[in-house]
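Here's a quick walk through a protein model. Have a look at the fold before reading on.

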Amino acid sequence: MSDQHTKLRGLLRAAGCWILPCAVLLYAQLHLLTYVTGQDPFTYVRLAQSLLAQRFSLSAWREVVSFVAPGYPVLLAVVIAIAGPYATAWINLILLMASFGLLIRLFRRWGLSPEAISSAGLIIVWLTFRGYSLNAHYLLYAFRGAAQFLLILLAYTVAESADPAKRSGGARLAVATAILLLATTFRETAILAWPALALWLVWTPEWQGRRAKGLLWLIAPILPVLLLVGGLLLSGAWTGHAQANAWLARFTAGGRALFFARIADYANILWEEL
């Protein structure tokens with residue numbers, strides 16, 4: 001069999017691995033008949049419409065940034081401008097399908113068989129939807145999680161493709177960190193995915209002898225962002241947004257026990273499902 005036929009066969013098998021979990025996501029999207037999700041989707045869409053109505057003016061940006069990380073409302077504004085307001089009901093499905101494409105690419109690079117990849121994709125969807133009754137709503141309606149997951153997987157994909165023997169290898173690591181920083185403009189907790197990049201760099205044998213240089217590349221994009229955000233906060237030009245401030249106030253006012261108790265509950269649910 002020629003190399004061209006071998007590559008085509010590999011691509012077709014990868015496409016099959018991608019179609020199966022995406023079909024499950026589409027089925028879930030078409031069968032979500034309830035909207036018991038709180039006001040978040042309405043809030044994000046309203047902020048997006050405000051950005052469009054004011055032509056992304058400074059006052060519109062100030063309204064968004066004072067309330068929530070601006071990435072997702074900006075994304076919805078672009079979607080509405082291109083495809084209309086009803087497209088906001090479908091954008092997360094597209095983002096999740098793209099996320100599975102990146103995940104399958106990572107699995108293939110790690111040497112998993114098509115059967116294992118398909119099984120892993122279905123298990124991920126099943127565990128997510130079974131973990132909590134509204135998880136499907138949080139992923140498929142206009143919540144920020146789908147965009148966050150896509151950018152995290154994109155960062156991991158870029159980092160995994162970095163070749164330490166090439167000059168572009170370090171730059172790819174910096175790009176991966178920059179993508180995670182972009183993800184924090186959608187949901188701040190995305191930065192918690194960065195330590196996994198650092199641990200991967202320390203653990204993977206490909207970067208042996210170049211790990212210190214690689215870590216410097218990973219850290220480099222964070223420093224100017226810290227200086228910028230720190231300067232804005234210290235000068236009083238920006239005091240953070242309402243959601244982050246409310247979460248921080250709750251966490252520092254004795255909510256730490258509740259937070260870690262919820263993490264323990266999630267772990268227990270996952271254990272029971274397995």
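Predicted model: local features only at pLDDT ≥ 70, side-chain atom pairs only at ≥ 80, totals over all residues.

Residues are numbered from 1 along each chain as its sequence is written, and side-chain values use heavy atoms, with hydrogens and water left out.

**Overall fold**

The protein chain has 13 helices and zero strands (helices are DSSP runs of H or I with at least four residues, strands are E runs of at least two, numbered from the N terminus). Of its 274 residues, 37% are buried (under 20% relative accessible area, with exposed over 50% and partly exposed in between, using a 1.4 Å probe and protein chains only). Take the contacts (heavy atoms within 4.5 Å) between residues at least 6 apart in sequence: 69% of them join residues at least 24 apart.

**The core**

The largest nonpolar core holds 64 residues (buried Ala, Val, Leu, Ile, Met, Phe, Trp, Tyr and Cys joined through side-chain atoms within 4.5 Å). Helix H5 (residues 91–109) gives the most to this core, with eleven residues. Tyr 72, Leu 76 and Trp 194 are among the residues with the most contacts inside the core. Leaving aside residues up to four places away in sequence, Trp 194 touches Thr 177, Leu 180, Leu 218, Ile 219 and Ile 222.

**H2 against H4**

Two of those core residues, Tyr 72 and Leu 76, turn up again in H4, where H2 meets it. The axes of helix H2 (residues 40–53) and helix H4 (residues 71–83) come within 8 Å and cross at roughly 65 degrees (lines fitted to C-alpha atoms over the stretch in contact, with angles from 0 to 180 degrees between N-to-C directions). On the H2 side, the residues include Tyr 44, Leu 47 and Leu 51.

| Residue | Helix | Relative accessibility |
|---|---|---|
| Gln 29 | H1 (residues 3–30) | 11% |
| Val 175 | H9 (residues 168–184) | 41% |

Gln 29 counts as buried because its relative accessibility is 11%. Not counting residues up to four places away in sequence, Gln 29 touches Ala 89, Trp 90, Leu 93 and Leu 140. Val 175, at 41%, counts as partly exposed. Val 175 and Val 158 sit 7.4 Å apart in space, C-alpha to C-alpha, and 17 residues apart in sequence.
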